[in-house]
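Please keep the sequence and the three-dimensional view at hand while reading.

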Amino acid sequence: MNVTYLAAADWDRLGGSLVDAIVDTLIMVSTTLVVAGILGLGLGILLYTARPGGILQNKVVYLVVNLLVNFVRPIPFIILLAFAQPLTVAVMGGSIGREPATFVMIIAATFSVARVVEQNLVAIDPGVIEAARAMGASPWKIIYSVIVPETLGPLILGYTFLFIAIVDMSAMAGYVGGGGLGDFAIVYGYRAFEWEVTVVATLIIIVLVQAAQFFGNWLSAKIMRR
């Protein structure tokens, strides 16, 4: 790799923008992970408990939530940004910028989280739940004292995977002026024909993802050993 070529970008001029892009990415990703993580966990538990044979069995609720997840989840994020524009404008007052992009990211991530949570919960040994029911535990107590603890380790791995997907969403949010490293790479790298700027932005994203993967694997292994 030609070092002279990599040094061509004016980092004195771009340095501040790069720092702002990193901050924007971290804000979008962390906000989405927290909000969608909570909402998706609730939806995933609802899918699991409302399904036929579940402890809160309700065919209507399960059908509606399942159809909603199946409708939103397959939509590519770049298309969802356009599809959800009327809702984004109504809720956020606009469709351009970090906050509107984060809003759509939360929508997309919530339904992905819901499916990941449900898939992890169905792996629980039914005998564990039946034992709790036989001891007189209420459905809500079973949820927070049996169901969630039983799958906490795998759920952390699932959330780690979703973190990576959310980082990918934040990069695509650059197409609607959402800011972040994706926007930085597009505006100052791709459109300005500064390939090294794109490389730097990509490497930062890779480091961010690798750090999250390492932490998720470590935390999951630690919990599952208990």
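The sections below move from the overall architecture to individual helices, charged pairs and residues.

## Basis of the report

The structure is a predicted model, in which local features need pLDDT of at least 70 and side-chain atom pairs count only at pLDDT 80 or more, while totals for chains, interfaces and linings use all residues. Residues are numbered from 1 along each chain as its sequence is written, and side-chain values use heavy atoms, with hydrogens and water left out.

## Overall architecture

The protein chain contains 11 helices and 0 strands. These elements are DSSP runs numbered from the N terminus, where helices (H or I) need at least four residues and strands (E) at least two. Read from the N terminus, the order of elements is α-α-α-α-α-α-α-α-α-α-α. The C-alpha trace spans about 70 × 45 × 20 Å along its principal axes.

Of the 226 residues in the protein chain, 42% count as buried. Buried means under 20% relative accessible area, exposed means over 50%, and partly exposed lies in between (1.4 Å probe, protein chains only). Contact is defined as heavy atoms within 4.5 Å. Among contacts in the protein chain with a separation of 6 or more, 75% come from residues 24 or more positions apart.

## Helices H2 and H8

Helix H2 covers residues 11-50 and helix H8 covers residues 139-150; their axes come within 13 Å and cross at roughly 100 degrees. Such an angle makes H2 roughly perpendicular to H8. Axes here are lines fitted to C-alpha atoms, for helices over the stretch in contact, and angles run from 0 to 180 degrees between N-to-C directions. Angles under 35 degrees count as roughly parallel, over 145 as roughly antiparallel, 65 to 115 as roughly perpendicular, and the rest as oblique.

On the H2 side, the contact is made by Ile45, Tyr48 and Thr49, and on the H8 side by Ile143, Ile147 and Val148. These residues divide into 5 nonpolar, 1 polar and no charged. In this classification, Ala, Val, Leu, Ile, Met, Phe, Trp, Tyr, Cys and Pro are nonpolar, Asp, Glu, Lys and Arg are charged, and the others, Gly among them, are polar.

## Salt bridges

Side chains of opposite charge can pair when their charged atoms come close. A salt bridge is a side-chain nitrogen of Lys or Arg within 4 Å of a carboxyl oxygen of Asp or Glu, and by this rule the count comes to 4. One of them joins glutamate 118 to arginine 51, with the closest N and O atoms 2.7 Å apart. Glutamate 118 belongs to helix H6 (residues 98-121) and arginine 51 to the loop between H2 and helix H3 (59-72), so this pair ties together parts that are 67 residues apart in sequence. Glutamate 118 is buried at 6% relative accessibility, whereas arginine 51 is partly exposed at 24%.

Glutamate 118 also forms a salt bridge with arginine 115, the closest N and O atoms being 2.5 Å apart. Both residues lie in helix H6, 3 residues apart, about one turn of the helix. A network of salt bridges that share partners joins Asp24, Arg98 and Glu99. Within it, glutamate 99 pairs with arginine 98 at 3.3 Å between the closest N and O atoms. Glutamate 99 is partly exposed with a relative accessible area of 43%, and arginine 98 is partly exposed with 25%.

At 1.5 Å a residue, H6 should span 34 Å, which agrees with the 33 Å between its end C-alpha atoms. The expected span is 1.5 Å times one less than the number of residues.

Arginine 115 of H6 is buried at 8% relative accessibility. Leaving aside neighbours within four places in sequence, arginine 115 is in contact with Leu47, Asn66, Val69, Asn70 and Arg73. Asparagine 66, in turn, is placed in helix H3 and is buried at 16% relative accessibility. Not counting residues up to four places away in sequence, asparagine 66 touches Leu47 and Arg115.

## The loop at glycine 174

Glycine 174 lies in the loop between helix H9 (152-172) and helix H10 (180-190), and it is buried at 8% relative accessibility. Apart from neighbours within four places in sequence, glycine 174 is in contact with Gly179, Gly182, Asp183 and Ile186. Glycine 174 and alanine 101 are 73 residues apart in sequence, with 8.6 Å between their C-alpha atoms.
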